[in-house]
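Me: I would like to go through the terms used for this model and see what each one rests on. Please set the values against the cut-offs.

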Amino acid sequence: MSNTAPEPAKGRIRQMRQAYTITKRSDRNIGLILLLTFLVVGGVFAALGYFLFGSGTLGLIITVLFGLLTGLLGVLIVFGRRAEKAAYAQVEGQKGAAAGALQMLRRGWETKPAVAFNKNQDVVHRVVGRPGIILVGEGNPNAVRALLSSEVKKHARIGGEDVPVTSIVVGTGEGEVRLTKLVKHIQKLPKKIKPAQMTSVLYKIKALDAMRPAAPMPRGPVPTSMKGSRKAMRG
């Protein structure tokens with residue numbers, strides 16, 4: 001029999017390495033932080049295990065395993081959060097960054113990047129979910145707001161009075177949402193429509209999209225970096 005590791009395991013290890021390399025670029029103390037996390041979390045739970053399972057041979061074995069596993073779990077949680085934060089920090093302000101971030105929205109959300117754009121590559125992306133239609137603009141704030149205003153009117157006509165249209169500008173200015181908080185901001189929006197309404201809205205939107213020219217999306221490290229970090233977190 002071959003002693004080589006299965007391909008899925010190799011893939012996960014490779015993803016972890018890539019995520020660590022990306023994180024290390026902007027978080028130089030990540031190695032020390034993870035080590036301290038392992039020692040503190042593992043130590044605390046090992047002490048708890050010693051108290052619960054006693055000092056016998058079996059008790060010590062269980063205590064050691066308990067400490068190791070909880071320490072590793074703590075490392076994975078801390079690493080996942082810092083890896084995602086580092087990935088966002090490295091691409092914040094780059095064109096296409098918001099589109100990459102929106103790809104993190106999974107079940108229950110329909111995302112379409114660059115439904116509207118101008119010659120300067122200011123773009124508006126669209127997300128449809130239980131909160132209704134969410135339009136996300138990135139680029140020059142003034143130009144993006146003009147694009148958003150136009151798109152809000154178009155989508156409001158399609159959605160009707162029962163489907164709210166929310167506009168968001170990605171940025172660091174007043175009234176804008178930072179890239180690092182974009183996904184959570186959208187997920188926290190109040191639910192306004194039912195799944196059946198969402199399906200109906202998506203069907204109607206297809207007619208609007210069919211009349212648009214294809215959008216040249218900026219290509220960059222955003223989707224790869226963020227998805228790599230998210231996959232590493234999931235293991």
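**Aromatic pairs**

Reply: Three aromatic pairs are present in the structure. This is a predicted model, in which local features need pLDDT of at least 70 and side-chain atom pairs count only at pLDDT 80 or more, while totals for chains, interfaces and linings use all residues. Residues are numbered from 1 along each chain as its sequence is written, and side-chain values use heavy atoms, with hydrogens and water left out.

Me: Why is the pair of phenylalanine 45 and phenylalanine 66 called edge-to-face?

Reply: The ring centres of phenylalanine 45 and phenylalanine 66 are 5.7 Å apart and the planes stand at 85°, so the pair is edge-to-face. Rings of Phe, Tyr and Trp (its six-membered ring) pair if their centres lie within 6.5 Å; planes under 30 degrees apart count as stacked, over 60 as edge-to-face and the rest as tilted.

Me: What do phenylalanine 45 and phenylalanine 66 tie together?

Reply: Phenylalanine 45 sits in helix α2 (residues 30-53) and phenylalanine 66 in helix α3 (residues 57-91), so the pair ties together parts 21 residues apart in sequence. Helices (H or I, at least four residues) and strands (E, at least two) are DSSP runs, numbered from the N terminus.

Me: What makes phenylalanine 66 partly exposed?

Reply: Its relative accessible area is 27%. Buried means under 20% relative accessible area, exposed over 50%, and partly exposed in between (1.4 Å probe, protein chains only). Phenylalanine 45, at 33% relative accessibility, also counts as partly exposed.

Me: Which type of pair do phenylalanine 53 and phenylalanine 66 make, and why?

Reply: The centres of these two rings are 6.3 Å apart and their planes are at 90°, so this pair is edge-to-face. Phenylalanine 53 lies in helix α2 and phenylalanine 66 in helix α3, so the pair ties together parts that are 13 residues apart in sequence. Ring pairs link Phe45, Phe53 and Phe66 into a cluster.

**The nonpolar patch**

Me: Which residues make the nonpolar surface patch?

Reply: Val40, Val44, Phe45, Leu48, Phe51, Leu52, Phe53, Leu58 and Ile62 make a patch of about 890 Å². The elements giving two or more residues to the patch are α2 and α3, and α2 gives the most, with seven residues. Patches are made of residues with over 30% relative accessible area and no salt bridge; like charges are joined within 9 Å, nonpolar side chains (Val, Leu, Ile, Met, Phe, Trp, Tyr) within 5 Å. Accessible areas come from the Shrake-Rupley method with a 1.4 Å probe, and for residues only the protein chains shown count as cover.

Me: Is leucine 52 buried or exposed, and why?

Reply: Leucine 52 is at 52% relative accessibility, so the residue counts as exposed. Leucine 52 is found in helix α2.

**One face of α6**

Me: How do you know that the buried residues of α6 line one face of the helix?

Reply: In helix α6 (residues 179-187), the buried residues are Leu179, Leu182, Val183 and Ile186. Seen down the axis of α6, they fall within an arc of 80°, so they line one face of the helix. The arc is that of the directions from the helix axis to the C-beta atoms. Lys181 and Lys184 are exposed on the other side of α6.

**Salt bridges**

Me: What makes aspartate 27 and arginine 82 a salt bridge?

Reply: The closest N and O atoms of aspartate 27 and arginine 82 are 2.6 Å apart. A salt bridge is a side-chain nitrogen of Lys or Arg within 4 Å of a carboxyl oxygen of Asp or Glu. The pair links distant parts of the chain, 55 residues apart: aspartate 27 is in the loop between α1 (7-26) and α2, and arginine 82 is in helix α3. Aspartate 27 is buried, with a relative accessible area of 12%, whereas arginine 82, at 31%, counts as partly exposed.

Me: How many salt bridges are found in the whole structure?

Reply: A search finds three. One of them joins the side chains of glutamate 176 and arginine 145 (3.7 Å, N to O). Lysine 154 and glutamate 151 also meet in a salt bridge (3.5 Å, N to O).

Me: Why are lysine 154 and glutamate 151 said to be separated by about one helical turn?

Reply: Because they are three residues apart in helix α5, the separation is about one helical turn. Glutamate 151 counts as buried at 2% relative accessibility, and lysine 154 as partly exposed at 29%.
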